[in-house]
Amino acid sequence: MAKSPEQEHPQAAFGWAARDPSGLLSPFKFSRRTTGEKDVKFKVFFCGICHSDLHSVRNEWGFSTYPLVPGHEIVGEVVEVGSKVEKFKAGDKVGVGCLVGSCGSCDSCHDQLENYCPKMILTYGAMYHDGTMTHGGYSNMMVVDEHFAIKFPQNMPLDAGAPLLCAGITVYSPMKFFGLDHPGIHLGLVGLGGLGHVAVKFAKAMGVKVTVISSSPGKREEALQRLGADAFLISSDTNQVQAAMGTMDGIIDTVSAVHPILPLIGLLKQNGKLVLVGAPDRPLELPVFPLIFGRKIVAGSCIGGIQETQEMIDFAAKHKITADIEVISIDYVNTAMDRLAKGDVKYRFVIDIGNTLKEA
Amino acid sequence: MTARAFTGENGDEDVTIKILFCGVCHSDLHVAKNEWGFTNYPVVPGHEMVGTVMKVGSDVKKFKVGERVGVGVIVGSCKKCESCQQDLENYCPQTIFTYNSHYTDGTKTYGGYSDMIVVDERYVLRFPDNLPLEGGAPLLCAGITVYSPMKYYGMTEPGKHLGVAGLGGLGHVAVKMGKAFGLKVTVISSSPKKETEAIERLGADSFLVTSDPAKMKAALGTMDYIIDTVSAVHPLLPLLSLLKLNGKLVTVGLPDKPLELPIFPLVLGRKLVGGSDIGGMKETQEMLDFCAKHGIAADVEVIQMDYINTAMERLAKSDVRYRFVIDVASSLSQ
C-alpha cells in the first residue's frame with residue numbers, strides 16, 4: 001500500500017499543493033528524504049512563481065499528477081550538509097531551479113547539459129531516483145543533491161534573485177548558444193513578462209541592441225525608460241513591423257501562447273535566428289519560403305545546465321541584475337495565479353515563504 | 001509548352017552559349033503551371049543547362065570560345081550589396097532568375113529549354129572536363145541546392161549521421177555528396193520500393209520508410225542532421241524526432257503551404273529548422289569541382305524536347321530516376 005505524503009520520508013515538511021486540475025493551492029503536509037551524504041538541506045526563504053507552475057497546477061500540458069507542490073525558483077539558507085558535500089556549509093545562501101537530478105552518465109550530463117539528459121528529474125511533479133514524487137519550492141524546506149544546488153551570490157537580494165533560477169537561465173542559455181550575446185548584435189525579444197524583462201537586462205549588460213516586440217502598447221514606456229530597451233514595437237502594427245523588417249540578428253520568443261511566427265521571421269536579417277523558449281501546447285504554422293529565401297532558422301531551447309545556471313547567476317550579480325518582482329504572502333498565491341494567467345504582474349510574483357508559510 | 005525562338009545581343013561582359021543539355025527541375029514544373037502564383041507567361045523554363053561558348057564580350061576574362069560551361073538558377077544580381085560582395089548572389093534582394101524574371105532594362109529572362117543563351121560571365125560556371133554533360137547539368141540547381149546547406153550548417157564532419165528526406169532529383173545527389181563527405185547516410189522515404197536503389201546503387205547506409213512505426217521508433221534520436229528535399233506539404237514531427245540533441249533539420253523543398261511546426265521537440269532537444277536557397281556563384285563552382293573530384297553526377301533519363309510535356313506529367317508523379325535531361329542540341333533546331 002502506497003505511503004501517504006507525510007509518511008513517505010523521514011523529515012516532516014509542509015507547503016501548499018494543488019489537489020486537482022482546478023489548480024487551487026492549499027496547505028499540504030508531506031515529507032522530505034533523509035539528508036544523504038551528498039545532499040544539502042535548506043530552509044526556503046523565497047520562491048518565484050513561474051508560468052510553468054500555473055500550467056502544471058492546471059494540468060495544461062496534460063501530464064500533471066496530484067497532489068502537486070510547484071515552485072522551481074527557490075532560494076534559502078543551508079541548515080545541514082551531508083558528509084561528502086564540498087560546495088556548501090550551514091548558513092550559505094543557496095538556490096534551486098528546475099532540475100534536481102539527472103542520470104550523470106550520458107553525453108549530455110558529461111557536457112554539463114543536465115537539462116537535455118533524457119532522464120532529467122524536474123524539481124516538482126517528477127519521479128526521483130527512489131521512485132517518489134518530487135515536490136517544489138512552495139514549501140518550508142528542501143533536500144537537494146549538491147550538484148543541483150546553486151551558490152547564491154552574497155550581494156544578490158534573495159527575493160529578486162529567485163526568478164533568475166528559471167526565467168534567467170531560460171533566456172541566458174540561448175543568448176549564449178546562438179551567439180546573440182555581444183556588441184553589434186540586434187536582438188528582438190517577444191513578450192515582456194517574467195522571461196522577457198530579464199532578457200532585456202541581460203542583453204543590455206552584454207552590449208546588445210534590444211527591441212522589445214509586444215502586443216501591449218501600455219508596456220512601451222516601461223520597456224524603454226525603465227528597462228533600457230532601445231526600441232519597442234507593437235506586433236500587430238503592420239507599419240512598425242514593416243519598418244523593422246530584416247533588421248534583427250536574432251529573436252528570443254518568450255510567448256507561450258500559440259501565435260504567428262511569419263512576421264517574426266520577416267524581422268530577421270539574412271541568416272537570422274528565431275529561438276523559441278515558450279512552449280505553446282499546439283504546433284505553430286511554419287511558412288517555409290521565408291526561411292529558405294533568407295537562410296533563417298527557427299530553434300528551441302530549454303532552461304540550461306547547472307554549470308551554466310551558476311555562470312548566469314554570477315553574471316547577474318556582477319551586473320546587478322535581478323528580476324522586477326511583487327512579493328506576496330503564501331495566502332495570496334491563488335489570486336496571484338489568476339492574475340498571472342492574465343499577465344497582470346510586473347514581472348514575477350515571489351512568495352515570501354520564510355515569513356508567511358506557517359504549518360497549518 | 002511549345003517551341004519559341006529567342007535571340008539576344010552579347011554585351012562586353014557577356015558570354016553567348018550554345019545550349020547542349022538542360023535538366024528538368026521540379027521548379028520548372030511549378031512555374032510552368034503557375035503553382036506559386038507568380039508566373040509571367042510565356043515562360044521558357046530550364047535552369048540546369050550546359051553548353052559551349054560561342055562568343056565572348058570584350059571584357060570577359062574567365063572564358064574562351066569553345067569552352068564547356070554551365071548556367072544555373074541566376075543570371076544577374078545587383079553586384080553591390082553585402083550579399084553580392086560576399087559571393088552570395090543568391091541572397092541578393094535583386095537576384096535575377098534565369099527564367100520568369102526581368103533584367104534591369106525590363107526585358108524578360110528565358111531559360112534553358114532553348115538553343116542558346118547570353119549571360120554575364122559572373123553567372124556562368126566552368127564545366128569540369130571529367131563531368132559528363134548530361135549527368136552534370138542537374139548539379140547546377142539540384143546539386144548546389146543540397147551542397148550549400150550541407151556546408152553552411154556543418155553537415156560535413158566524417159562519421160556523423162545524415163538523413164536525406166525524399167529520394168528525387170535533390171535527394172539522390174545529397175546521398176552521393178553525403179557519402180563523399182564521409183557521412184553515414186540514411187534515406188528517409190515514403191516509398192518502400194526505393195530501398196534497393198538507395199542502398200545498392202546510390203550507396204546509402206540505410207533506408208527508413210516513414211510509414212513503418214517500428215523502424216521509425218528504432219531510429220529516434222539517431223541523426224545529427226536531416227536535409228529535407230520534399231516539396232509536398234508533410235509532417236515535420238517525425239523528422240524532428242529522428243534528430244539527436246542540437247540536431248538540424250534543413251529544408252530545401254518549397255511546399256506551397258505552411259508546414260506544421262511542433263515546438264516541444266525543438267525546445268526539449270535544442271533542435272532547429274533552417275532553410276537554404278541554392279548557392280552563390282563561387283560556391284556553385286566549388287560544388288562542380290567537388291563533384292568532378294568525387295565522380296558525382298546525377299542519374300538521368302535523357303529525352304528529346306518534344307517529350308517534355310510527357311516528362312512533366314511523369315515528374316509530377318515522381319516517375320523518373322532521378323532527373324530528366326533534355327538533349328537540346330539534337331532536338332531543338334532552328
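Reply: Gladly! This is a predicted model. Let's start inside chain B: domain 1 of chain B and domain 2 of chain B bury about 900 Å² between them, with 47% of that area coming from carbon and sulfur atoms. Trp36(B), Asp299(B) and Tyr322(B) supply 59% of what domain 1 of chain B buries against domain 2 of chain B, more than any other three residues.

Me: What makes Asp299(B) and Arg201(B) a salt bridge?

Reply: The test asks for a side-chain nitrogen of Lys or Arg within 4 Å of a carboxyl oxygen of Asp or Glu. In this pair the N to O distance is 2.8 Å, so the pair meets the cut-off of 4 Å. The rule finds three salt bridges across the interface of domain 1 of chain B and domain 2 of chain B.

Me: Which residue ranges make up the two domains of chain B?

Reply: The domain assignment gives 14-127 + 299-327 for domain 1 and 143-275 for domain 2. Their centres, taken over C-alpha atoms, are separated by 27 Å. Seven residues from domain 1 of chain B and 12 residues from domain 2 of chain B take part in the contact.

Me: And in chain A, why is the pair Asp324(A) and Lys201(A) called a salt bridge?

Reply: The closest N and O atoms of Asp324(A) and Lys201(A) are 2.7 Å apart, and the limit is 4 Å, so the name applies. Across the interface of domain 1 of chain A and domain 2 of chain A, the rule finds two salt bridges and 10 residue pairs in polar contact, both residues being at pLDDT 80 or more. The area buried there is about 1100 Å², 48% of it on carbon and sulfur atoms.

Me: How do you know that Glu37(A) and Lys84(A) tie together parts that are apart in sequence?

Reply: First the pairing: their closest N and O atoms are 3.6 Å apart, within the 4 Å limit, so this is a salt bridge. Glu37(A) sits in the loop between strand 2 (25-32) and strand 3 (39-48) of chain A, and Lys84(A) in the loop between strand 4 (74-81) and strand 5 (93-96) of chain A, so the pair joins parts that are 47 residues apart in sequence.

Me: What makes strand 15 of chain A and strand 13 of chain B a pair?

Reply: Pairing takes at least two bridges. Three bridges join strand 15 (residues 284-286) of chain A to strand 13 of chain B, so the two strands qualify. They run antiparallel, and Leu286(A) stands opposite Leu259(B) in strand 13 of chain B.

Me: How much area is buried between the two chains?

Reply: About 3000 Å² is buried between chain B and chain A, and carbon and sulfur atoms give 70% of it. The contact takes 34 residues from chain B and 33 residues from chain A.

Conventions: Residues are numbered from 1 along each chain as its sequence is written. Chains are lettered from A and ligands numbered from 1 in the order in which they are written. Side-chain values use heavy atoms; hydrogens and water are left out. Contact means heavy atoms within 4.5 Å. Buried area is the accessible area (1.4 Å probe) that two parts lose on being put together, summed over both. Helices (H or I, at least four residues) and strands (E, at least two) are DSSP runs, numbered from the N terminus. Domain bounds come from an automatic or database domain assignment. A polar contact is a pair of N or O atoms within 3.5 Å; within protein, one must be able to donate a hydrogen and the other to accept it, and residues adjacent in sequence count only if both atoms are side-chain atoms.
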